[in-house]
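User: I'm new to this one. Could you walk me through how to read it, starting with the ligand?

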Amino acid sequence: MPNVLFLTSLATETAALLTQHAPAGYDVAVHPIDLPHEQQIGLVRDADFLILFPGVISDAVLRSAANLKLIQLVSAGFDRVNVALCRELGIPVANNGGANSIDVAEHTLALILAFYRRMGEMDHNVRHERWKAIDSGATTYTIHGKTAGLIGLGQIGRRTARLLAAFGAVVLYYDPYPAPPAVEQELGVRRVELDELLQQSDIVSLHVPLNEATRGIINARTLARMKPTALLVNTCRGPVVDEQALIAALQQRQIAGAALDVLEQEPPDPANPLFQLDNVLLTPHIAGVTYDTWPRRGEFIFANLQRVWNGEAPLAVV
Ligand code: NAI
């Protein structure tokens, strides 16, 4: 039976929500991700499978993996793993295959609704004798009838499209790889070029992986294309947005606002100018993390390990 090494920052009880899906006979050793280097090297040498959360591993540890058949990430993002080195070493890397895409899509909707309905401020006001201090009839909005533009129509983009359509939004998307016509039809989405999406959308939501093509895809030039009433939502990766350009656009009210789960620097510098702006809503990179997400991810992960153990190709290879 396989030796599985799970390096993680998760609390023991949370890690157990995942490892409960290990098939009978699997030997799963759970260790903290910040274990000293030498110990990681010692452990990875004998492992058949390495599960990582967060997806961070040093080159030295990777090079010491003699038996690894798969590096299985618990997350969707894989930008902190040296995939080129893994390829050179012949170790496939898989992400979670969209197991938390619904969590991120729901969070995206939560951000849009919270921004449109000014939830944070309303809650604060009601508690502080400011009942109806906000003129909601003049400064809150409905999703219904708005145009939402999704940049990236992968696992999360598609889930988000479905939710937005259910709210009555018109959904556009930009992705260099067009979705099959049947998927476009089922989701009720239309593919447009990036500039058209920016010009037409009331809500622009980012769902791309971070790579050299997507780094800074939202910048001074693309922000200038957006409507003055537009809301920018980022639940993918901070550096996909040029944060300085966004701050300038928000300060000048060039766009209406931003709802951000991710930032260029995490945790952020307390002096980040975004924190001074009233047209910004922030959450701490938690879009994909709910209590309900772990069993879903565990199920996918151990089914994927079992495939490889049975001699089949892994799914969700990045
Ligand atoms: P996915 O791989 O299923 O979809 C990504 C889509 O982006 C693909 O359709 C791809 O063709 C498209 N794409 C690639 N380059 C593009 C470009 N230059 N312009 C437009 N589209 C482009 O990935 P998935 O599962 O939808 O996740 C997307 C990202 O969301 C992840 O890579 C991760 O960084 C982030 N994420 C954030 C979480 C959070 O907690 N905030 C949790 C989970 C994922």
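Analyst: Happy to. A polar contact is a pair of N or O atoms within 3.5 Å. Keep in mind that this is a predicted model. Here, a backbone N or O atom of Q155 sits 2.9 Å from an oxygen atom of the ligand. For G154, a backbone N or O atom is 3.4 Å from a ligand oxygen atom.

User: Which residue has a polar backbone atom 3.0 Å from a nitrogen atom of the ligand?

Analyst: That's T235. As for cover, the ligand has 870 Å² of accessible area on its own, and the protein covers 86% of that.

User: And what kinds of residues make up the shell around the ligand?

Analyst: By class, there are 12 nonpolar, 10 polar and 3 charged residues. Of the 25 residues around the ligand, the ones that come nearest are Q155, I156, D175, T235 and D261.

User: Now the strands. Where do the side chains of strand β10 point?

Analyst: The general idea: in a regular strand, side chains alternate between the two faces of the sheet. In β10 (residues 231–234), L231 and V233 point one way, L232 and N234 the other way, and all are buried.

User: Which strands does β10 pair with?

Analyst: Strand β9 (residues 203–206) runs parallel to β10, joined by 4 bridges, and I203 has L231 as its bridge partner. Between them, the chain goes through helix α11 (residues 220–225) in a right-handed β-α-β crossover. β10 also pairs in the parallel sense with strand β11 (residues 257–260) over 4 bridges, where V233 partners A259. From β10 to β11 the chain passes through helix α12 (residues 243–251), and this β-α-β crossover is right-handed.

Key
Residues are numbered from 1 along each chain as its sequence is written. This is a predicted model: local features need pLDDT of at least 70, side-chain atom pairs count only at pLDDT 80 or more; totals for chains, interfaces and linings use all residues. Side-chain values use heavy atoms; hydrogens and water are left out. A residue is near a molecule or strand if one of its heavy atoms lies within 4 Å of it. A polar contact is a pair of N or O atoms within 3.5 Å; within protein, one must be able to donate a hydrogen and the other to accept it, and residues adjacent in sequence count only if both atoms are side-chain atoms. Accessible areas come from the Shrake-Rupley method with a 1.4 Å probe; for residues, only the protein chains shown count as cover. Ala, Val, Leu, Ile, Met, Phe, Trp, Tyr, Cys and Pro count as nonpolar, Asp, Glu, Lys and Arg as charged, and the others, Gly among them, as polar. Buried means under 20% relative accessible area, exposed over 50%, partly exposed in between (1.4 Å probe, protein chains only). Helices (H or I, at least four residues) and strands (E, at least two) are DSSP runs, numbered from the N terminus. Two strands pair if DSSP finds at least two bridges between them. A crossover is right-handed if, with the strands pointing away from the viewer, the path from the first strand over the helix to the second runs clockwise.
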